[in-house]
Amino acid sequence: MEKYSYRFSFGPWNIHEGADPFGPPVRPARDFEWKLAIFKELDFDAVQFHDDDAVPGLDDLSAEQIRQRARDMRQKLSENGLIAEFVAPRLWEHPMTIDGAFTSNDAKARDYALDRAKKAVDIAHELETDLLVLWLAREGTYMREAKDVGRATYQLLDALNILLDYDQHIRIAIEPKPNEPMDMSYIPTIGHGIALGAQTRDPSRMGVLMESAHAILAGLDPSDEIGFALSLGKLLSVHLNDQNGLKYDQDRSFGSVDLRRAFNQVRVLDNNAYWRSGIVGLDVKALRTQPAAIATRHLRNSMQVFLRLVEVVRSIDQQRVNALVAERDYEELDWLILSYLMGR
């Protein structure tokens with residue numbers, strides 16, 4: 001299927017062993033070299049990295065060791081015809097960040113988080129990407145009284161300013177999520193992320209990453225979140241997937257739950273020529289029941305759904321759509337869209 005100049009990425013974590021909060025892994029772990037081969041087999045263009053995906057064990061390495069291992073990773077990517085889309089510091093798994101990273105009540109934990117994020121910036125530089133993604137996973141509370149939200153907001157702002165000063169070329173994309181793993185997040189939506197970035201020393205280098213499931217968990221429509229960010233020039237990346245209701249973050253294959261919702265995400269991206277400015281990132285995981293030998297089809301399916309929906313978007317009779325909008329005949333417009341989605 002033609003890619004229409006779109007480029008696609010996923011992260012190594014999307015080839016997953018199938019563990020969930022109620023059960024252990026059900027598929028064998030795959031090393032990074034095996035996963036690299038899958039990127040090219042499935043015709044992906046770029047790799048999303050957590051900092052320790054690119055440089056395992058970085059907390060125990062010197063600054064020069066981190067840089068050298070990141071350079072080694074860049075060479076691997078080059079040999080496979082791939083690039084790095086972004087680097088994201090993994091700030092939610094270390095014992096130091098049990099009560100948050102940049103907003104922890106422990107000053108030593110906040111220092112650790114900043115140091116770890118600076119290392120991620122160094123890794124991004126060596127991987128030749130200027131994009132740092134911050135999923136502020138534990139920046140929130142389990143109970144409101146445990147932290148001061150005003151103070152926490154300024155702690156986040158201070159951290160962003162420090163990172164912007166640390167590297168004059170880095171761009172930062174905040175990835176909002178309303179809950180999980182923290183019960184209540186301080187930056188739950190795209191609007192919150194954009195507002196925080198606007199208060200930094202250099203708003204021109206601040207933006208957001210929209211994840212479909214995260215928007216749905218906030219009770220919002222992902223296409224509206226995308227459109228809002230695009231209208232302000234702040235959509236730096238996307239994580240497309242799907243979500244079956246207000247449950248845990250499921251990372252279902254794109255379009256597998258709600259095809260109309262997926263259509264509208266593709267529609268707003270394509271109508272705004274997103275292929276010129278960004279990479280279509282997928283954050284999807286195979287169902288736990290999927291056998292190991294065929295546990296990459298969720299990646300294939302997600303890309304193919306996106307590209308098929310591009311075809312649908314571009315095939316729609318826009319003059320007919322405009323006429324129905326002018327007539328306020330939204331029922332007929334509804335039928336028109338459904339007809340295209342059903343292939344009629």
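## Close-up views of a predicted model

**Figure 1. D202 and its salt-bridge partner R205.** At 23% relative accessibility, D202 counts as partly exposed. Its partner is R205, and the closest N and O atoms of this salt bridge are 2.8 Å apart. R205 itself is buried, with a relative accessible area of 10%. As with every view here, the model is predicted.

**Figure 2. D242 meets R261 out of the solvent.** Here a salt bridge joins D242 and R261, with 2.6 Å between the closest N and O atoms. D242 belongs to the loop between β9 and α9 while R261 belongs to helix α9, so the pair ties together parts that are 19 residues apart in sequence. Both ends fall under the 20% cut-off for buried: D242 has a relative accessible area of 2%, and R261 has 15%.

**Figure 3. R201 reaches D165 in helix α5.** The whole structure holds 28 salt bridges, and in this one the N to O distance is 2.5 Å. It links distant parts of the chain, since R201 sits in the loop between α6 (190–198) and β8 (206–211) and D165 in helix α5, 36 residues apart. R201 counts as exposed at 58% relative accessibility, while D165 is partly exposed at 41%.

Figure 4. Where is E85 found? This residue lies in strand β3 (residues 83–88). E85 is buried, and the nearest side chain of opposite charge, R171, is 7.7 Å away. A salt bridge would need a side-chain nitrogen within 4 Å of a carboxyl oxygen, so E85 has none. Beyond its neighbours within four places in sequence, E85 is in contact with S9, A46, V47, Q48, T129, L131, S237 and I279.

Figure 5. The structure holds 10 aromatic pairs. For F10 and F44, the ring centres are 4.8 Å apart and the planes meet at 90°, so this pair is edge-to-face. F10 is in strand β1 (residues 8–10) and F44 in the loop between α1 (32–41) and β2 (46–50), so the pair ties together parts 34 residues apart in sequence. Both F10 and F44 are buried. The rings of F254 and F306 have centres 6.3 Å apart and planes at 40°, so this pair is tilted. F254 lies in the loop between β9 (235–240) and α9 (259–271) and F306 in helix α10 (residues 297–315), 52 residues apart. F254 and F306 are buried too. Ring pairs gather Y6, F8, F10, F39, F44, F254, W275 and F306 into a cluster.

**Figure 6. F306 in the largest nonpolar core.** This core has 87 residues, of which F49, F102 and F306 touch the most other members. Helix α10 gives the most to it, with 8 residues. Not counting residues up to four places away in sequence, F306 touches Y6, F8, L240, F254, V266, L269 and V280. Another core, of 7 residues, lies apart from it and includes A88, V133, L209 and L236.

**Figure 7. Arginines over tryptophan rings.** The charged end of R30 sits over the ring of W34, 4.3 Å from its centre. Likewise, R314 places its charged end over the ring of W275, at 5.3 Å from the centre.

Technical notes
Residues are numbered from 1 along each chain as its sequence is written. This is a predicted model: local features need pLDDT of at least 70, side-chain atom pairs count only at pLDDT 80 or more; totals for chains, interfaces and linings use all residues. Side-chain values use heavy atoms; hydrogens and water are left out. Helices (H or I, at least four residues) and strands (E, at least two) are DSSP runs, numbered from the N terminus. Buried means under 20% relative accessible area, exposed over 50%, partly exposed in between (1.4 Å probe, protein chains only). Lys and Arg count as positive and Asp and Glu as negative; His and the chain ends are not counted. Contact means heavy atoms within 4.5 Å. Rings of Phe, Tyr and Trp (its six-membered ring) pair if their centres lie within 6.5 Å; planes under 30 degrees apart count as stacked, over 60 as edge-to-face and the rest as tilted. A charge sits over a ring if NZ of Lys or CZ of Arg is within 6 Å of the ring centre and within 35 degrees of the ring normal. A nonpolar core is a set of buried Ala, Val, Leu, Ile, Met, Phe, Trp, Tyr and Cys residues joined through side-chain atoms within 4.5 Å.
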